[in-house]
Amino acid sequence: MRPEEGLEIITHLMQDTRRRVLQRSAAPFVVWGWATVLMSIAVYCAVRYSGNAQWYKLWLAMPLIAWPVTSMLMPKKLAPATGISKSVSRIWAFMGVVTVGVSVASYFINFNVMAWIVLLLAIGCYVTGVLIRHTMLTYGAYAGVAASAAMWVIVGVSQLPLFAAAIALMMVLPGHAMLLELRRYQRGITADE
């Protein structure tokens, strides 16, 4: 085998792995990102205009909406999982458990839950971006870290617009970019072309 052929095989394997990861990641990023942005806006409006903090409990409905929508939008036939796609899934399963734990704890202990959640999600986005070599996802995580830092100064319901903006930059925009890249792969066009 010539060196050029070896490089071509390696390049093909890397592109195939990236396609498989995108196939498993794009829909969850878009659905959970949009669900979080829309729920942030809904909670912000409800709390801001009613003055009733009970509206924060709307967050509890988000998984009831996002999980079924994610399941509906996932491709019916997924390519077999790779080591990287399994790692990304495990990272987000762990982040989900920790985020839910932090959220539940905030009902019993008074602390700045929004700052912690956006920081946790930023870490998850950064690690995922590095693993799948997705520049927009990696840099979007910096917006989350900056928003988390700002949330130590901005408090209360005023954090929600900042939270929504951070999620849009960390998850929604990269998720849509993943979908576009996945469509290119499905049409046989690589990101390098």
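A residue counts as buried when its relative accessible area is under 20%. With that cut-off in hand, welcome to this predicted model, whose protein chain holds six helices and zero strands. Buried residues account for 40% of its 193 residues.

**Overall fold**
- Read from the N terminus, the elements of the protein chain follow the order α-α-α-α-α-α.
- The C-alpha trace of the protein chain spans about 70 × 30 × 25 Å along its principal axes.
- Take the contacts between residues at least 6 apart in sequence: 77% of them join residues at least 24 apart.
- The protein chain has an accessible surface of about 11100 Å², and carbon and sulfur atoms contribute 70% of it.

**Helix α2**
- Helix α2 covers residues 62-73, and its 12 residues should span 16 Å at 1.5 Å a residue; the end C-alpha atoms are 16 Å apart, so the two values agree.
- Met 62, Ala 66 and Thr 70 are the buried residues to look at in α2.
- These three cover an arc of only 40 degrees around the axis, so they sit on the same side of α2.
- An α-helix has 3.6 residues a turn, which means that residues three or four places apart point the same way.

**Ser 148 in helix α5**
- Ser 148 belongs to helix α5, residues 135-150.
- Its relative accessibility is 4%, so Ser 148 counts as buried.
- The side chain of Ser 148 reaches the backbone oxygen of Ala 115 at 2.9 Å.
- Beyond its neighbours within four places in sequence, Ser 148 is in contact with Ala 115, Val 118 and Leu 119.

Terms used: Residues numbered from 1 in each chain as written. Predicted model: local features only at pLDDT ≥ 70, side-chain atom pairs only at ≥ 80, totals over all residues. Heavy atoms only, no water. Helix = DSSP H or I, 4+ residues; strand = E, 2+ residues; numbered from the N terminus. Expected span 1.5 Å × (residues − 1). Buried < 20%, exposed > 50% of the residue type's maximum accessible area, 1.4 Å probe, protein only. Arc of directions from axis to C-beta. Polar contact = N/O pair within 3.5 Å; in protein donor to acceptor, adjacent residues only side chain to side chain. Contact = heavy atoms within 4.5 Å. Areas by Shrake-Rupley, 256 points an atom, 1.4 Å probe, with all protein chains shown as cover.
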